[in-house]
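This report describes the fold, the confidence and the local features of a single protein chain. Please consult the sequence and the structure shown below while reading.

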Amino acid sequence: MNTEMYQTPMEVAVYQLHNFSISFFSSLLGGDVVSVKLDNSASGASVVAIDNKIEQAMDLVKNHLMYAVREEVEILKEQIRELVEKNSQLERENTLLKTLASPEQLEKFQSRLSPEEPAPESPQAPEAPDGSSV
């Protein structure tokens, strides 16, 4: 890089930024790397042209990103629809099974679900160690 012709660090930084931006966006977009050389005789028009190219490349990248994001959002929306439908189906099945189950089955099931919470006890006679009722 020939930076001796620039007098201030700001001019060198602008030169490097322009070269980096054009190279980066060109490689990102798969196009040919645009070679830009700035020297002391570079007119304001060439700087404007470079800025325009950078802006166009950034707009193109932004459009590609927005397209990719929209596509991903559509995929996620479809997955959400499928999950909501499956959840509704499972809730219907659960309701049906609850209506078909006997109270004893429901109580047994509830005790398995939440062992921390005491299940409502039905009055039963205590059992003797040999298994007979007392």
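## Contacts and overall fold

Among the contacts in the protein with a separation of 6 or more, 46% are accounted for by residues 24 or more positions apart. The model is a predicted one, and its secondary structure consists of three helices and zero strands. Along the sequence, the elements follow the pattern α-α-α.

The protein has 134 residues, of which 13% count as buried. Its accessible surface comes to about 11300 Å², and carbon and sulfur atoms contribute 59% of that area.

## Confidence

The mean pLDDT of the protein is 75, with 53% of the residues reaching 70 or more. Confidence is lowest in helix 1 (residues 9-28), where the mean is 65, and highest in helix 2, where the mean is 93.

Residues 32-41 have pLDDT below 50; beyond near neighbours in sequence, this stretch has 16 contacts in the model. The pLDDT is also below 50 over residues 122-129, a stretch with six contacts in the model beyond near neighbours in sequence.

## Helix 2

The buried residues of helix 2 are Ile 50, Ile 54, Ala 57 and Val 61.

## The annotated region

An unreviewed UniProt entry carries the annotation "coiled-coil region" for residues 66-100. In the model, the span of residues 66-100 is 100% helix and 0% strand, and its end C-alpha atoms lie 51 Å apart.

## Salt bridge

How many salt bridges does a search of the whole structure find? The search finds one. Glu 78 forms a salt bridge with Arg 81, and the closest N and O atoms are 3.0 Å apart.

Glu 78 and Arg 81 are three residues apart in helix 2, so about one helical turn separates them. An α-helix has 3.6 residues a turn, so residues three or four places apart point the same way. Glu 78 counts as partly exposed because its relative accessibility is 33%, which lies between the cut-offs of 20% and 50%. Arg 81, at 46% relative accessibility, likewise counts as partly exposed.

Note on methods. Residues numbered from 1 in each chain as written. Predicted model: local features only at pLDDT ≥ 70, side-chain atom pairs only at ≥ 80, totals over all residues. Heavy atoms only, no water. Buried < 20%, exposed > 50% of the residue type's maximum accessible area, 1.4 Å probe, protein only. Helix = DSSP H or I, 4+ residues; strand = E, 2+ residues; numbered from the N terminus. pLDDT = per-residue confidence, 0-100. Contact = heavy atoms within 4.5 Å. UniProt positions renumbered as here; feature names shortened; annotations may be inferred. Salt bridge = Lys/Arg side-chain N within 4 Å of Asp/Glu carboxyl O. Areas by Shrake-Rupley, 256 points an atom, 1.4 Å probe, with all protein chains shown as cover.
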